[in-house]
Amino acid sequence: MDSEAVGDTLVELWISYNNIEKLKGINVLKKLEVLLMSNNQVKDWSEFGKLADLPSLKELLFVGNPLEEKHSAEGDWRDQVAGKLKKLKKLDGVPVVREEEEDEQEA
């Protein structure tokens, strides 16, 4: 797939179960809102960090990647992702609740 050709229009990308390890070139998908990429091979935060270049990303499904499995086992997966992807609304099928949102709701 030529990601540049769809970079200004693609809003959803479903690429689960593809043995993907690297996210090179994903930054051109400026309109991407939903990325479903469970059960791939992403292992490190440097690759995951490329998702921060997606200004419209609201929903991410990342279960089954070595990075997610390691940090879920350590208990810090959701906090780590929320810190790296500030606009994310849903992670692995569950809404992302941020501390500032909780503060606003209590006020």
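Student: Okay, starting point: two strands pair if DSSP finds at least two bridges between them. In what sense do β4 and β5 pair?

Tutor: β4 and β5 pair in the antiparallel sense, over two bridges. In that pairing, Leu91 stands opposite Val94 in β5. One caution before going on: this is a predicted model, in which local features need pLDDT of at least 70 and side-chain atom pairs count only at pLDDT 80 or more, while totals for chains, interfaces and linings use all residues. Residues are numbered from 1 along each chain as its sequence is written, and side-chain values use heavy atoms, with hydrogens and water left out.

Student: Got it. How many helices and strands are there?

Tutor: The protein chain has five helices and five strands. Both are DSSP runs numbered from the N terminus, with at least four residues of H or I for a helix and at least two of E for a strand. Starting at the N terminus, the order is α-β-β-α-β-α-α-β-β-α.

Student: And in what order do the strands sit in the sheet?

Tutor: The five strands make an open sheet, ordered β1-β2-β3-β4-β5, with mixed pairing. β1 (12–14) and β5 are the edge strands, each pairing on one side only.

Student: Where's Lys90 in all this?

Tutor: Lys90 is in strand β4. Its relative accessibility is 31%, so Lys90 counts as partly exposed; the scale is buried under 20% relative accessible area, exposed over 50% and partly exposed in between, using a 1.4 Å probe and protein chains only.

Student: What does Lys90 contact?

Tutor: Setting aside neighbours within four places in sequence, Lys90 is in contact with Lys58, Glu59, Leu60, Pro95 and Val96. A contact means heavy atoms within 4.5 Å. The C-alpha atoms of Lys90 and Glu59 are 4.6 Å apart, and the two residues are 31 apart along the chain.

Student: Switching to the inside. Which residues have the most contacts in the largest nonpolar core?

Tutor: That core has 24 residues, and the ones with the most contacts inside it are Leu35, Met37, Phe48, Leu51, Leu60 and Phe62. Helix α4 (residues 77–84) gives the largest share, three residues. As for the term, a nonpolar core is a set of buried Ala, Val, Leu, Ile, Met, Phe, Trp, Tyr and Cys residues joined through side-chain atoms within 4.5 Å.

Student: Take Leu60. What does Leu60 touch?

Tutor: Not counting residues up to four places away in sequence, Leu60 touches Leu35, Met37, Phe48, Leu51, Leu85, Leu88, Lys90, Leu91 and Asp92.

Student: And what share of the chain is buried?

Tutor: Buried residues are 35% of the 107 in the protein chain.

Student: I spotted some rings. How many aromatic pairs are there?

Tutor: Searching the whole structure gives five aromatic pairs. Trp45 and Phe48 have ring centres 5.2 Å apart and planes at 85°, so that pair is edge-to-face. Here, rings of Phe, Tyr and Trp (its six-membered ring) pair if their centres lie within 6.5 Å, and planes under 30 degrees apart count as stacked, over 60 as edge-to-face and the rest as tilted.

Student: How far apart are Trp45 and Phe48 in helix α2?

Tutor: They are three residues apart in helix α2 (residues 45–48), so about one helical turn separates them. Trp45 is partly exposed, with a relative accessible area of 22%, whereas Phe48 is at 0% and counts as buried. Phe48 also forms an edge-to-face pair with Phe62, at 5.1 Å centre to centre and 90° between the planes. This pair links distant parts of the chain, with Phe62 in the loop between β3 (59–61) and α3 (66–74), 14 residues from Phe48.

Student: Is Phe62 buried or exposed?

Tutor: Phe62 counts as buried, at 0% relative accessibility. Trp45, Phe48, Phe62 and Trp77 form one aromatic cluster.

Student: What sits over the ring of Trp45?

Tutor: The charged end of Lys84 does, 4.6 Å from the ring centre. A charge counts as over a ring if NZ of Lys or CZ of Arg is within 6 Å of the ring centre and within 35 degrees of the ring normal.

Student: Last topic, backbone angles. What is phi for Asn39?

Tutor: Asn39 has a positive phi of about 55°, although it is not a glycine. Most residues other than glycine have a negative phi. Asn39 lies in the loop between β2 (34–36) and α2. Asp92 also has a positive phi, near 55°, and its place is in the loop between β4 (90–91) and β5 (94–95).

Student: Is Asp92 buried or exposed?

Tutor: Asp92 counts as buried, at 18% relative accessibility, while Asn39 is partly exposed at 27%.
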